[in-house]
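Q: Please give me a close look at a single part of this model, with the geometry spelled out. Keep it brisk.

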Amino acid sequence: MADELFPIFDVPDVDAEEEEEEYDVDYKRSIRWDPELGDFVRDSSNRLVESDGYEAYVIWCCKMLQTERDSHLAYIEEFSGADLGVEMEAVAQEDDHKTVESMIERTVTEALEVNPRTEYVGNFSFLWEGDDVHCQFEVKGIHWDETIQIKF
């Protein structure tokens, strides 16, 4: 009788490597975001406007650069499954220009390579104006022929 109430069955093994191979790397459409306004884009009827997968990926890259890593519970790896965002607060503590450039390059590359759609991040260039630094680099998504230029 107990076997009928509480059936026993084997739990299938899940291979983590197999899951990684099957990760969907297609670029999905999303709601268009205006980084200057910091809000979603709406049409004249106040409806949200869609963006294609390419534009959604570019916006995702920009949002990752604006997100301080571990600043909220949702961005912490144990909750989100990935280390999201950049570590710019640590960069701001440094005085040496070469150290700052190296730290920016590392944190930006790590933040964007979390996404399996990112093929590479590179070709960093820096412009210093006093203590302010401006950065430009390239991002290439998988299955793309061209790279995108991002400035911040």
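A: Y54 is partly exposed, because its relative accessibility is 31% (buried is under 20% relative accessible area, exposed is over 50%, partly exposed lies in between; 1.4 Å probe, protein chains only). The model is predicted: local features need pLDDT of at least 70, side-chain atom pairs need pLDDT 80 or more, and totals for chains, interfaces and linings use all residues. Numbering runs from 1 along each chain as its sequence is written, and side-chain values use heavy atoms, without hydrogens or water.

Now the rings. There are 9 aromatic pairs in the structure (ring centres of Phe, Tyr or Trp, the last by its six-membered ring, lie within 6.5 Å; planes under 30 degrees apart are stacked, over 60 edge-to-face, the rest tilted). One of them is the tilted pair of Y54 and W144, with 4.6 Å between centres and 45° between planes. This pair bridges 90 residues of chain, from Y54 in helix α3 to W144 in the loop between β6 (132-141) and β7 (148-151) (helices are DSSP runs of H or I with at least four residues, strands runs of E with at least two, numbered from the N terminus).

W144 is buried, because its relative accessibility is 10%. The ring of W144 also meets Y57: the centres are 5.2 Å apart and the planes stand at 85°, so this pair is edge-to-face. Here, too, distant parts of the chain are linked, with Y57 in helix α3 and W144 in the β6–β7 loop, 87 residues apart. Y57 is buried, because its relative accessibility is 3%. Ring pairs join Y27, Y54, Y57, W60 and W144 into a cluster.

The charged end of K63 sits 4.0 Å from the ring centre of W33 (NZ of Lys or CZ of Arg within 6 Å of the centre and within 35 degrees of the ring normal).

Last, R69. This residue lies in the loop between α3 (53-66) and α4 (77-80). R69 counts as buried because its relative accessibility is 8%. Its side chain reaches the backbone oxygen of G85 at 2.9 Å. The side chains of R69 and E110 make a polar contact of 3.4 Å (N or O atoms within 3.5 Å; within protein, one able to donate a hydrogen and the other to accept it, with sequence-adjacent residues counted only if both atoms are side-chain atoms). Beyond neighbours within four places in sequence, the contacts of R69 include D83, V86, T107 and A111 (heavy atoms within 4.5 Å).
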